[in-house]
Amino acid sequence: MGWVRTFRNNQFIALNDGSTNNNLQVVAPLGLLDDETLKRITTGASLKVNGELVKSLGKGQSVELKATSIEVLGDSDAEKFPLQPKKHSLEFLREIAHLRFRTNTFGAVFRVRHSLAYAVHKFFNDKGFVYLHTPIITSSDAEGAGEMFRVTTLPFDNPPRNEDGSINFKEDFFGKSTNLTVSGQLEGELAAMAFSDIYTFGPTFRAENSNTTRHLAEFWMIEPEMAFYDIEDNMNLAEEFIKYIIQYAMDNNRDDLEFLAQRLADEEKQLPQDKRSELGLIEKLEFVLKNAFERITYTEAIDILVNSAAYKKKKFQYDVKWGIDLQSEHERYLVEKHFKKPVIVTGYPAAIKAFYMRMNDDGKTVAAMDILAPGIGEIVGGSQREERYDKLIERMEDMNIPINEMQWYLDTRRFGSVPHAGFGLGFERMVQFVTGMTNIRDVIPFARTPKNCEF
RNA sequence: UCCUCAGUAGCUCAGUUGGUUAGAGCAUCUGACUGUUAAUCAGAGGGUCACUGGUUCAAGUCCAGUCUGAGGAGCCA
């Protein structure tokens with residue numbers, strides 16, 4: 001059983017059931033089917049075929065199914081079915097995302113995505129981590145990870161108001177203002193203070209008006225949180241984790257990755273020489289598996305940038321000096337030009353990082369780490385958390401975090417606080433990295449981006 | 001949100017200096033052929049030129065606005 005990809009010569013049906021990109025060639029002997037049935041075997045139709053698997057007489061395949069009966073399960077009007085046995089643009093396929101699973105490219109992408117998701121659970125389970133389901137709806141607005149989607153049952157045309165005119169959320173469903181989660185980290189920390197090692201893997205929502213090839217309004221994030229880990233342990237785990245799930249896909253999705261590698265190579269033939277990647281997709285993944293990630297401090301990164309030829313020739317649009325947040329162009333230089341492999345940057349200035357990150361002894365930098373990947377940029381953001389109650393309060397005050405609303409979080413530092421660390425990994429960015437797809441909208445089944453919520 | 005580019009047949013695109021009935025390849029339909037591999041050959045059908053307004057004797061073409069898409073930036077994962 002499967003769906004028709006092509007039908008040639010009224011005899012040869014390329015049938016696909018989604019398990020692989022390799023089609024089964026079904027041969028319908030002349031005279032087996034009447035004219036009416038033959039006309040119903042169109043691209044996209046679903047068939048149930050019985051027959052004998054025999055050695056193929058043709059060249060394209062080793063075996064084929066010699067049919068003894070063919071039943072059309074579901075017709076597909078050839079005049080209306082939009083997929084053709086030819087190359088379609090990714091932009092067009094995005095508009096028919098409900099059908100694009102039936103193409104070779106998206107078949108491969110989503111089989112790889114599945115494997116990576118499975119590998120995430122396997123990796124953490126094998127290490128004894130507890131999979132924690134953090135809430136999708138939250139009332140916490142303190143994390144500052146981004147703009148949030150409001151969740152409400154209040155009528156938006158005439159909401160209940162307080163005397164001062166502001167909206168009275170006491171009458172809302174939860175009796176307060178609520179939003180979709182932008183991160184499960186804070187809740188994750190609570191659980192890590194009991195289970196030692198936990199991870200989350202779930203949907204995350206950011207209402208940022210970001211229109212790029214690497215941002216989604218709804219995406220999946222993996223956030224492990226480990227008690228008794230310092231920043232070094234954190235980096236080691238993150239590197240091991242990334243390599244593990246890549247290796248899992250290499251071991252279990254070789255055909256699909258080779259197809260995607262070929263697709264990417266064809267795509268890059270259109271580009272000018274200097275924009276093409278030096279390594280093919282498979283070679284890139286093997287290279288990442290074999291080599292240790294480069295580890296540098298933020299201060300070293302700034303030095304490298306300031307001493308680079310690009311900086312001296314004023315190639316950077318943004319100036320480089322200690323204290324700036326690294327711009328995309330700087331990250332790309334470090335990863336793609338200088339080191340040519342994934343880079344972990346640690347020790348960022350406290351002023352540009354979140355309140356929960358642990359202050360280093362120098363009083364200026366925090367124990368943060370970002371993992372930068374070629375072609376994608378930041379794929380992991382993490383840190384050792386500030387476990388010292390007084391220092392945490394100090395930081396929260398400095399950054400205007402509403403301390404009163406965060407008492408539940410501060411309890412972890414009051415009752416048996418321990419050094420701990422964790423990180424967040426954007427799952428779609430990981431899928432992009434492994435599949436070589438350049439647009440993040442093509443590695444999630446139904447992308448949610450500004451001005452787009454189809455299906 | 002900002003910058004740049006784009007929107008013409010189901011898809012990918014061409015359309016000259018503003019000038020007659022807007023073209024091609026693929027797909028579809030009809031027929032031929034029958035061991036094909038994105039089959040091949042012959043023929044046919046298929047258009048709100050994104051939308052709104054403007055300039056002009058005349059707009060797919062020029063101008064303005066809007067919408068949508070792509071690439072880059074910012075924000076970030």
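Student: Which oxygen of RNA strand B does a polar side-chain atom of Ser89 lie 2.8 Å from?

Tutor: A phosphate oxygen. The model is predicted, and the distance is computed from that model.

Student: What makes the pair at Ser89 a polar contact?

Tutor: The cut-off for a polar contact is a pair of N or O atoms within 3.5 Å. Ser89 places a polar side-chain atom 2.8 Å from a phosphate oxygen of RNA strand B, so the pair counts as a polar contact.

Student: How many residues are around RNA strand B, and which come nearest?

Tutor: There are 52, and those that come nearest are Arg8, Asn209, Thr212, His215 and Arg429. Of the atoms of RNA strand B that come within 4 Å of the protein, 47% belong to sugar and phosphate.

Student: What is the make-up of the surface near RNA strand B by class?

Tutor: It has 23 polar, 17 charged and 12 nonpolar residues. At least two residues of this surface come from each of several elements, including strand S1 (2-8), helix H2 (90-95), helix H10 (328-339) and strand S16 (420-426).

Student: How do you know that S1 and S2 are paired strands?

Tutor: Pairing requires at least two bridges. S1 and strand S2 (residues 12-16) are joined by five bridges in the antiparallel sense, so they count as paired. Within this pairing, Thr6 stands opposite Ala14 in S2. The hairpin of the two strands has three residues between them, and Asn9 takes a positive phi near 60 degrees there.

Student: Why do S3 and S5 count as paired?

Tutor: Strand S3 (residues 24-27) and strand S5 (residues 63-74) have two bridges in the parallel sense. The requirement is at least two, so the pair qualifies. Val27 has Lys66 in S5 as its bridge partner.

Student: Where do these strands belong in the fold, and what is the strand order?

Tutor: They belong to a barrel of five strands, in the order S1-S2-S3-S5-S4, with mixed pairing. On average, neighbouring strands of this sheet are turned by 45 degrees against each other, direction ignored.

Student: What pairs involve S4?

Tutor: Strand S4 (residues 46-55) pairs with S5 in the antiparallel sense over 10 bridges, and Gly51 stands opposite Ala67 in S5. S4 also runs antiparallel to S1, to which two bridges join it.

Student: Why are S6 and S12 at the edges of their sheet?

Tutor: The sheet is open, with eight strands in the order S6-S10-S11-S16-S15-S14-S13-S12 and mixed pairing. Strand S6 (130-131) and strand S12 (294-297) each have a single partner strand, so one side of each is left without a neighbour in the sheet.

Student: What joins S10 to S11, and which helix lies across both of them?

Tutor: Strand S10 (residues 197-205) and strand S11 (residues 218-227) run antiparallel and are joined by nine bridges. One bridge partner pair is Phe205 with Glu218 in S11. Helix H3 (residues 104-126) lies across S6, S10 and S11, at about 150 degrees to S10.

Student: What makes H11 roughly antiparallel to H12?

Tutor: Helix H11 (residues 389-398) and helix H12 (residues 407-414) pack at an angle of about 150 degrees, with their axes 9 Å apart. The cut-off for roughly antiparallel is over 145 degrees, so H11 is roughly antiparallel to H12. In this contact, Tyr389, Leu392, Ile393 and Met396 in H11 meet Tyr409, Leu410, Arg413 and Arg414 in H12. By class there are six nonpolar, no polar and two charged residues.

Key
Residues numbered from 1 in each chain as written. Chains lettered and ligands numbered in written order. Predicted model: local features only at pLDDT ≥ 70, side-chain atom pairs only at ≥ 80, totals over all residues. Heavy atoms only, no water. Helix = DSSP H or I, 4+ residues; strand = E, 2+ residues; numbered from the N terminus. Contact = heavy atoms within 4.5 Å. Axes fitted to C-alpha atoms, helices over the stretch in contact; angles between N-to-C directions. Near = heavy atom within 4 Å. Polar contact = N/O pair within 3.5 Å; in protein donor to acceptor, adjacent residues only side chain to side chain. Nonpolar A, V, L, I, M, F, W, Y, C, P; charged D, E, K, R; others polar. Parallel < 35°, antiparallel > 145°, perpendicular 65-115°, else oblique.
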